[in-house]
Amino acid sequence: MAALAVGALIALALLTAKPVETFVVLPSADGHIGTVVVQRGDSRQVLNQPYATSRFGEAEVSRLSPVEVDRTYGATLHSLPDRPASFLLYFVTGTDELTDESKPELDKMLAVMRARPLPDVLVIGHTDTMGDEATNDQLSAQRAERVKGFLIGIGIAGERIRTAGRGERELLVPTADEVDEPKNRRVEINVR
Amino acid sequence: MRASLAAILFCVSAAALAADAGEIKVVQGSAYLERAGERLALKVGMPVREADVVVTGSNGTVGITFADNSLLSIGPNSNFILERYVFNSTTHVGQFDSRLSKGTLAGVSGKIVKQSPEAMRVHTPSAIMGVRGTEFAVQVGDRH
């Protein structure tokens, strides 16, 4: 009788077996909660609460516990690469010489590079809003190239460095157009 | 003449950048990459390109950092394809489509999503997840 019941349970389990497809939003290291949208055919679930979970075959959004997240995704989450680290460098106008304030920032950057197994570096040039957009795109790219040269000069392998120019799209200090703002004429470095 | 040379150099460097969507940063256990029908051993520092497939074994995990600072990690017993990766480092406009047909995936969105919410998508056999930010995990299995 018991065996029959167990057999029936197993049969039921097989009949009701369904694909596992689970999506979950996780709080980031700084506590920020993001949003993902899961589209299945015509149904659309928005996940925007900590650990909000969308599962195949369930119309309602559920919630995984941190323990369940760790059990299912622990090994995977553990293999996320280190977060890119960002550093800001300012140079004495028209030179390859760092301003005094930027020298400790460079030291911090080098320490982060040493702590990573095989770091790569992205150098991103930015301008202020003086001049038109196309000129600033070019200027920011040139600024990034100059800093790449500087980094090669202090011993960082050139093939591990990429450059980008963002022009005036990402102002550190928001200003109107055609404003001379030294804080916006900067080079950002992402160590990854 | 000078202008055309500059244009050629620009195209070459743009193509080189476009080819590499990201870089392998973490490899543990058994895992390999399939590119154009070839099976390649995974190493830290290896570039990742569009159409690359990452396959992991029962103890394998792989972590990738992408050009736009998005991060992904692929868990054990997984099959992952980078279907489409486009990123303009000047405008941050891009499109990031990947597919998990089996296993687990975790991710942190980057500059593409900051510029264009939901331009990063993870496809599974029955769903599409659009990422507006920031951290997420996905599992695809056979049975409950």
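Two strands are taken to pair if DSSP finds at least two bridges between them. In this predicted model, strand E1 (20-26) of chain A meets that condition with strand E12 (residues 135-141) of chain B, since seven bridges join E1(A) to E12(B) and the two run antiparallel.

**Contact between chains A and B**
- On the two sides of the contact, 40 residues of chain A are in contact with 44 residues of chain B.
- On the side of chain A that touches chain B, the elements that give two or more residues are strand E1 (20-26), strand E2 (35-40), helix H2 (66-78) and strand E8 (161-165) of chain A, and the largest share, seven residues, comes from E1(A).
- By residue class, that side of chain A divides into 21 nonpolar, twelve polar and seven charged residues.

**B:Phe136 and its surroundings**
- Within E12(B), B:Phe136 is the residue that stands opposite A:Val25.
- Leaving aside residues up to four places away in sequence, B:Phe136 touches A:Phe23, A:Val24, A:Val25, A:Leu26 and A:Val36 of chain A, together with B:Gly107 and B:Val131 of chain B.

**Nonpolar cores**
- The largest nonpolar core has 49 residues, and B:Phe136 is among those with the most contacts inside it, along with B:Val62, B:Leu105, B:Ala137 and B:Val138.
- Strand E9 (residues 94-108) of chain B gives the most to this core, contributing five residues.

Definitions and conventions. Residues are numbered from 1 along each chain as its sequence is written. Chains are lettered from A and ligands numbered from 1 in the order in which they are written. This is a predicted model: local features need pLDDT of at least 70, side-chain atom pairs count only at pLDDT 80 or more; totals for chains, interfaces and linings use all residues. Two residues are in contact if their C-beta atoms, placed from the backbone, lie within 7 Å. Helices (H or I, at least four residues) and strands (E, at least two) are DSSP runs, numbered from the N terminus. Ala, Val, Leu, Ile, Met, Phe, Trp, Tyr, Cys and Pro count as nonpolar, Asp, Glu, Lys and Arg as charged, and the others, Gly among them, as polar. A nonpolar core is a set of buried Ala, Val, Leu, Ile, Met, Phe, Trp, Tyr and Cys residues joined through C-beta atoms within 7 Å. A residue is buried if 20 or more other C-beta atoms lie within 10 Å of its own, exposed if 12 or fewer, and partly exposed in between; C-beta atoms are placed from the backbone.
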